[in-house]
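Biologist: Could you walk me through reading aromatic pairs and strand pairing in a model? I would like the general idea, then the case at hand.

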Amino acid sequence: MTDYFEKMDENYAKKHFPTGSVFESATKTIKRTSIFSAVFIAVFDAAVLLGLVWAIGRTMELKAEGRDDMMGVSIGICGFLGVVLVIFLVLLWFIIKQTRKKRGDYVAASAKRSKLPESEIEEFDRQALASDCHILKLTAGLDRLLSTGTNKDGLLTRDYIYLADAAQTVIRVDSLRACCFYDYTYFVNVGKRHKTVHCLAIYLLASNGVSTFSDTTKKAGEALMAILKERNSQIDTNGGEVLPEGRKMDEYRKRILESHI
């Protein structure tokens with residue numbers, strides 16, 4: 001089990017949470033990503049703007065030459081480029097706004113997503129750097145490399161579990177009602193065909209309806225189920241079976257929540 005769960009130590013804390021806060025570190029990670037995205041979109045917007053200026057100039061030339069047969073196409077190109085420019089300018093504005101967020105903004109967003117008071121999110125943040133916090137290493141290899149989480153590892157504190165999902169969901173362990181395997185899919189293009197890729201994840205569901213999931217290996221997921229069951233015997237693991245996305249997952253979620261009303 002130590003292969004998947006390590007205890008928090010000073011070296012790990014200094015490397016991943018140098019300011020002493022999970023949310024402060026997440027803020028910096030998101031800000032770096034946002035700045036990179038903003039630069040990329042700004043360059044793209046500049047290219048679209050140049051294209052629009054050229055298209056407008058060309059339209060004016062066609063009008064001066066009396067080439068009415070081409071005016072419709074030229075105006076259509078101008079309109080298309082104008083719409084693209086507006087869409088990506090709005091996207092750029094949202095990304096820039098993201099870079100201005102501070103730790104408190106992420107704490108508030110986490111509290112809203114987790115359906116917990118901000119005081120509990122702050123308590124989780126304090127417990128996260130304690131020596132009894134478990135570092136959850138659920139993924140390995142390419143899955144770990146491609147993780148979109150604000151941190152590559154999840155955290156299991158005295159009272160909370162955090163899988164480092166993009167929404168920074170925090171769940172009280174004593175409110176957990178399900179911890180099971182979940183299969184989700186996405187599509188990739190292989191030549192001229194679409195290929196379905198299946199991913200194994202661990203799915204958590206709390207009594208307040210909040211859920212989150214993270215990619216996992218089979219052994220790491222089983223180890224997490226075991227340690228959580230030790231702390232909360234009410235957790236359902238679906239017998240260790242993998243739930244497919246879609247109707248069966250929806251039915252499972254509904255059944256678990258209704259059984260604990």
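This is a predicted model: local features need pLDDT of at least 70, side-chain atom pairs count only at pLDDT 80 or more; totals for chains, interfaces and linings use all residues.

Biologist: How many helices and strands are in the protein chain?

Modeller: The chain has 8 helices and 9 strands. Helices (H or I, at least four residues) and strands (E, at least two) are DSSP runs, numbered from the N terminus.

Biologist: How do strands S7 and S8 run, and how many bridges join them?

Modeller: Two strands pair if DSSP finds at least two bridges between them. Strand S7 (residues 193-206) and strand S8 (residues 211-215) run antiparallel, joined by 5 bridges. They form a hairpin with 4 residues between them, and Gly 209 in the turn has a positive phi of about 90°.

Biologist: And how do I read an aromatic pair?

Modeller: By the distance of the ring centres and the angle of the planes. Rings of Phe, Tyr and Trp (its six-membered ring) pair if their centres lie within 6.5 Å; planes under 30 degrees apart count as stacked, over 60 as edge-to-face and the rest as tilted. The whole structure holds 9 aromatic pairs. One of them, Tyr 182 with Tyr 203, is tilted, at 6.0 Å centre to centre and 55° between the planes. Tyr 182 lies in strand S6 (residues 176-190) and Tyr 203 in strand S7, so the pair ties together parts 21 residues apart in sequence.

Conventions
Residues are numbered from 1 along each chain as its sequence is written. Side-chain values use heavy atoms; hydrogens and water are left out.
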